[in-house]
Amino acid sequence: MRLVCDNAIKLFPGTAPGSEGFTLEEEFFYEKTEEGKVKHIVQNVLEPELIPFFPEHSAENENGMPAVMIIPGGAFRRLVYNFEGEDIARWLNTLGFAAFVLKCRLPVNEHPSAEDVALIDVQRGLRLIRYNAPEWGIDSKKIGVMGFSAGGFLSALLATAYDKNVYQRIDAADDVTARPDFCVCGYPMINYDVSVEAGQRYISKEEMLAGIYPFQELVLKKYKPDELVTPQTPPVFIFETDDDMTTLADNSVCFYMAARKARVSAELHIFRTGGHGFGLGDDNTQTGEWKKLFVNWARGLGVLGN
């Protein structure tokens, strides 16, 4: 079964760059967690799309509302569409954001350009939002990216590699910048080398590497967002837990320190407990605190009004 959304926006008019001559059958299915929650999983994406979510009521603003492109996590091999996509979008709508969940291609599949397809999609997704901002009632200067886990890596990658030439111009949308105005990373993977080195303090190197597939390794070795930070990188908001054994907090720390070194505005929150993959988090525990902290941060940037 394929995830079908009537209002989905195709990223490309034809075959997506980097997938020429390649066939793949998209899958959409449900998976129950040990806690009894149900994940909505999308994998084997060949036709990337943006799924838009607009607030029912937005504050009057002559320049339009702010917007966020959301990149779900899923270990670089699938997308957790509900917990780290749709649920996030609906929450952002309550704040007055337009939200777009990105259904992107992933390096686990054997695309001819497996190491670049995700970056191609995140660049094109942000450009489409900015290009269509006037029509959609969006402020083109308040468009950010928010990603979780592997999606956090892609969020950081877009913030630091938005100007990498990874595909040829297709239409007028590619004439606008892919640079997000702000970047949010939830429990992100950032640097392959840091993850492996840090993992040796908690689990064996072999166990760490066992969770990384060959095509995932391609993109993680080619792109290291902490090493790509420049003074032009947009403001960054990062949150993580100290007991996350999937994407260790060392990743968040190294990205934060890289931003500091480049004098990029950055904010980092590491909660004592909460594990990995908590999405919106639990308002009765520390993991739910990131939402309040993000709102205050966004107001401080001028992205949100009071």
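This is a predicted model: local features need pLDDT of at least 70, side-chain atom pairs count only at pLDDT 80 or more; totals for chains, interfaces and linings use all residues.
Residues are numbered from 1 along each chain as its sequence is written, and side-chain values use heavy atoms, with hydrogens and water left out.

**The eight-stranded sheet**

Let's start with the open sheet of eight strands, whose order is β1-β4-β7-β5-β8-β9-β10-β11 and whose pairing is mixed. Strands (E, at least two residues) and helices (H or I, at least four residues) are DSSP runs numbered from the N terminus, and two strands pair if DSSP finds at least two bridges between them. At the edges stand β1 and β11 (266-271), each pairing on one side only.

| Strand pair | Direction | Bridges |
|---|---|---|
| β1 (residues 9-10) and β4 | antiparallel | two bridges |
| β4 and β7 (residues 98-103) | antiparallel | five bridges |
| β5 (residues 65-71) and β7 | parallel | four bridges |
| β3 (residues 38-43) and β6 | antiparallel | two bridges |

Next along, I51 has V101 of β7 as its bridge partner, while A67 is bridged to A98 in β7.

How enclosed is β4? All five of the five residues in β4 (residues 49-53) are buried, so the strand is largely enclosed by the rest of the structure. Buried here means under 20% relative accessible area, with exposed over 50% and partly exposed in between (1.4 Å probe, protein chains only). In a regular strand the side chains alternate between the two faces of the sheet. In β4, E49, I51 and F53 point one way and L50 and P52 the other way, and all are buried. Strand β7 is mostly covered too, with six of its six residues buried. From β7, A98, F100 and L102 point one way, A99, V101 and K103 the other way, and all of these are buried.

**The three-stranded sheet**

A second open sheet is built from three strands in the order β2-β3-β6, with antiparallel pairing. Its edges are β2 (27-32) and β6 (79-80), each with a single partner strand, so one side of each is left without a neighbour in the sheet. Within this sheet, I41 has V80 of β6 as its bridge partner. Helix α1 (residues 82-95) lies across β3 and β6 and runs at about 100° to β3. Axes are lines fitted to C-alpha atoms, for helices over the stretch in contact, and angles run from 0 to 180 degrees between N-to-C directions.

**Core and helix packing**

Which residues have the most contacts inside the largest nonpolar core? They are M69, L92, I138, W290 and F294, in a core of 90 residues. Such a core is a set of buried Ala, Val, Leu, Ile, Met, Phe, Trp, Tyr and Cys residues joined through side-chain atoms within 4.5 Å. Helix α4 (residues 150-161) gives the most to this core, namely eight residues. Leaving aside residues up to four places away in sequence, F294 touches W91, L92, L95, F97, M146, V184 and F237; contact means heavy atoms within 4.5 Å.

Helix α4 also meets α2 (residues 117-131): their axes come within 10 Å and cross at roughly 70°. The two helices are therefore roughly perpendicular to each other, a label covering 65 to 115 degrees, whereas under 35 counts as roughly parallel, over 145 as roughly antiparallel and the rest as oblique. On the α2 side the contact is made by A118, L119, V122, Q123 and L126, and on the α4 side by L154, L157, L158 and A161.

**Two loop residues with positive phi**

Most residues other than glycine have a negative phi, and most peptide bonds are trans. S149, in the loop between β8 (138-148) and α4, has a positive phi of about 60° although it is not a glycine. At 7% relative accessibility, S149 counts as buried. Y187 lies in the loop between β9 (182-186) and α5 (192-199), and its phi is near 35°, a positive value in a residue other than glycine. Y187 is buried as well, with a relative accessible area of 0%.
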